[in-house]
Amino acid sequence: MAAGTGVFAEILDGDEVYKYYHDGEWKKAASGKSVAIINPTTRKTQYRVQACSQEEVNKVMESAKSAQKAWAKTPLWKRAELLHKAAAILKEHKFPIAECLVKEIAKPAKDAVTEVVRSGDLVSYTAEEGVRILGEGKFLMSDSFPGNERTKYCLTSKIPLGVVLAIPPFNYPVNLAVSKIGPALIAGNSLVLKPPTQGAVSCLHMVHCFHLAGFPKGLINCVTGKGSEIGDFLTMHPGVNCISFTGGDTGIAISKKAGMIPLQMELGGKDACIVLEDADLDLVAANIIKGGFSYSGQRCTAIKVVLAMESVADSLVEKVKARVAKLRIGPPEDDCDITPVVTESSANFIEGLVMDAKEKGATFCQEYKREGNLIWPLLLDNVRPDMRIAWEEPFGPVLPVIRINSVEEGIHHCNASNFGLQGCVFTKDINKAMLISDAMETGTVQINSAPARGPDHFPFQGLKDSGIGSQGITNSINMMIKVKTTVINLPSPSYTMGGSSHTSKL
């Protein structure tokens with residue numbers, strides 16, 4: 001089955017424009033306007049999606065609000081059952097969804113399939129975890145605090161926030177959408193999803209899998225359109241009770257404008273790879289390739305700068321160069337390692353960083369080559385702190401190597417960045433590794449492996465400009481609930497098994 005056909009036929013208007021999802025139905029925007037999605041490989045329009053208006057957003061918010069009230073009364077086991085069903089349907093239809101990922105974000109075919117399967121697994125795990133976390137409350141007694149007798153019983157429970165606005169990024173549109181949708185739904189919230197333009201059609205197919213699972217109408221909604229028209233309107237909407245956003249600088253603007261609501265933000269990184277003198281250089285080189293170049297470096301957890309001790313730098317650079325030469329470059333349909341970056345403006349930005357490094361004297365380990373949005377993998381040696389590539393996030397297959405003379409120099413460079421998502425350190429000395437890990441101002445440090453977000457139940461968070469709050473299934477569920485307490489006040493102190501003196505008062 002191809003995208004937009006079979007069970008997915010109803011999400012497509014003729015063979016023209018994909019519909020948006022509201023109140024359990026697939027709808028066309030009243031304006032009749034649409035937004036084009038450009039295939040990064042062909043650089044031609046691949047798909048079109050509805051350009052929803054602010055008025056349509058208002059209607060979606062109303063539906064989400066009323067549906068949430070009923071959903072909060074749905075038994076927890078029933079919510080979990082529906083999530084398991086959606087997960088199974090998602091995995092069953094992995095190929096048409098993967099096809100969209102290949103065409104709209106140039107994700108290599110096998111990675112696209114993996115993303116959908118992983119997303120199904122995430123939804124199932126969320127259902128299981130949610131039943132455990134949300135099925136437990138707390139019982140506190142007043143006499144544990146000085147000056148109190150046991151006259152108060154405090155019951156704490158976990159209640160939903162209301163309407164969650166989920167905004168995933170282009171690079172993992174399905175996986176980073178369900179990592180927000182699953183926790184929101186199991187916790188009793190309703191959901192408004194605003195997918196990225198590149199990645200919107202994959203998201204619409206994914207939402208249809210939730211539709212087929214039979215969730216109540218209005219509970220899940222998906223609006224597409226121009227960020228310039230509905231972006232601020234969505235994030236500042238009074239109907240939104242929580243925002244979960246993954247992306248770039250836009251997140252900083254959102255956090256300044258959003259009201260007094262919980263925010264979960266993951267905003268990119270400049271993940272440093274610190275290589276010590278005793279490191280296994282073959283292991284390091286393999287991880288630099290995986291960390292720096294998989295999905296053409298378009299990952300927030302990609303290795304973005306290598307900080308190598310001068311004594312091993314020559315040898316390491318040679319090993320990485322040999323592996324770069326073996327990378328397959330070309331279209332995502334052929335499962336190439338390096339595929340076109342997502343947009344022409346991304347490619348232009350990456351090129352600007354490369355040209356700046358060239359002017360300032362970086363050593364090019366390969367010739368810089370670009371065709372359209374396709375940029376050949378490039379390792380830049382002898383990068384210095386006055387080059388933009390030392391600090392800015394290219395989000396492409398270009399990796400700078402900065403030579404350092406001490407571990408302190410490496411830690412200093414890592415911590416001088418305004419980002420702090422992840423980092424990694426390679427050494428055989430676990431004591432050194434732990435000390436460096438503690439000194440690095442990043443949300444996660446990987447020891448002897450490239451940075452990575454998964455497994456999806458691990459906590460995932462950034463410090464500084466890399467984010468607010470923490471993700472990972474348990475953390476996301478806990479972030480999408482509020483604690484509610486009920487206190488029972490007793491007329492006289494009540495002590496368990498306190499003997500006959502108390503019972504005589506009854």
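**Entry: helices α9 and α10**

I began with helix α9 (residues 281-293) and helix α10 (residues 310-324), whose axes come within 9 Å and cross at roughly 55°. That angle makes α9 oblique to α10, since angles under 35 degrees count as roughly parallel, over 145 as roughly antiparallel, 65 to 115 as roughly perpendicular and the rest as oblique. I noted that this is a predicted model, in which local features need pLDDT of at least 70 and side-chain atom pairs count only at pLDDT 80 or more, while totals for chains, interfaces and linings use all residues. Residues are numbered from 1 along each chain as its sequence is written, and side-chain values use heavy atoms, with hydrogens and water left out.

For my own reference, axes are lines fitted to C-alpha atoms, for helices over the stretch in contact, and angles run from 0 to 180 degrees between N-to-C directions. Helices (H or I, at least four residues) and strands (E, at least two) are DSSP runs, numbered from the N terminus.

The crossing of α9 and α10 is right-handed; a crossing is right-handed if the near helix is turned clockwise from the far one by less than a right angle, and left-handed if anticlockwise. I then looked up the contact, meaning heavy atoms within 4.5 Å, and found that residues of α9 including Leu281, Val284, Ile288 and Phe293 meet residues of α10 including Val312, Leu316, Val320 and Val324. By class, this contact of α9 with α10 has 11 nonpolar, 1 polar and 3 charged residues, where Ala, Val, Leu, Ile, Met, Phe, Trp, Tyr, Cys and Pro count as nonpolar, Asp, Glu, Lys and Arg as charged, and the others, Gly among them, as polar.

**Entry: helix α6 and its two partners**

Next I looked at helix α5 (residues 175-186) and helix α6 (residues 200-213), whose axes come within 11 Å and cross at roughly 30°. The two helices are therefore roughly parallel to each other. In their contact, Ala177, Val178, Ile181 and Leu185 belong to α5, while Cys203, Met206 and Phe210 belong to α6. I counted by class 7 nonpolar residues, with no polar and no charged residues, in the contact of α5 with α6.

Helix α2 (residues 76-92) also packs with α6, at an angle of about 130° and with the axes 8 Å apart. That makes α2 oblique to α6, and the crossing of this pair is right-handed. Among the residues that meet are Leu82, Lys85 and Ile89 in α2 and Met206, Phe210 and Ala213 in α6.

I looked up the largest pocket, in which about 1,000 Å³ of space lies. Of the 40 residues that line this pocket, Phe245, Gly247, Gly248, Asp249 and Thr250 are the closest to its centre. The elements that give two or more residues to the lining are α7 (227-235), β12 (242-246) and α8 (250-257).

On a 1 Å grid over the protein atoms alone, a pocket is an open set of points where a 1.4 Å probe fits, with protein on both sides within 12 Å along at least five of seven lines, and lining residues have an atom within 4 Å of a point. Grid points are joined across faces, edges and corners, and a volume is the space filled by probe spheres set on the points.

The second largest pocket has a volume of about 520 Å³, and Asp111, Arg118, Tyr172, Ser294 and Arg299 are the closest to its centre of the 26 residues that line it. Helix α4 gives the most to this lining, with 5 residues, and the lining divides into 9 nonpolar, 7 polar and 10 charged residues.

**Entry: two backbone details**

Most residues other than glycine have a negative phi, and most peptide bonds are trans. I found that the peptide bond from Gly454 to Pro455 is cis, with omega near -10°, and that Pro455 is in the loop between β23 (444-447) and β24 (460-461). Ala106, in the loop between α3 (94-105) and α4, has a positive phi, near 55°.
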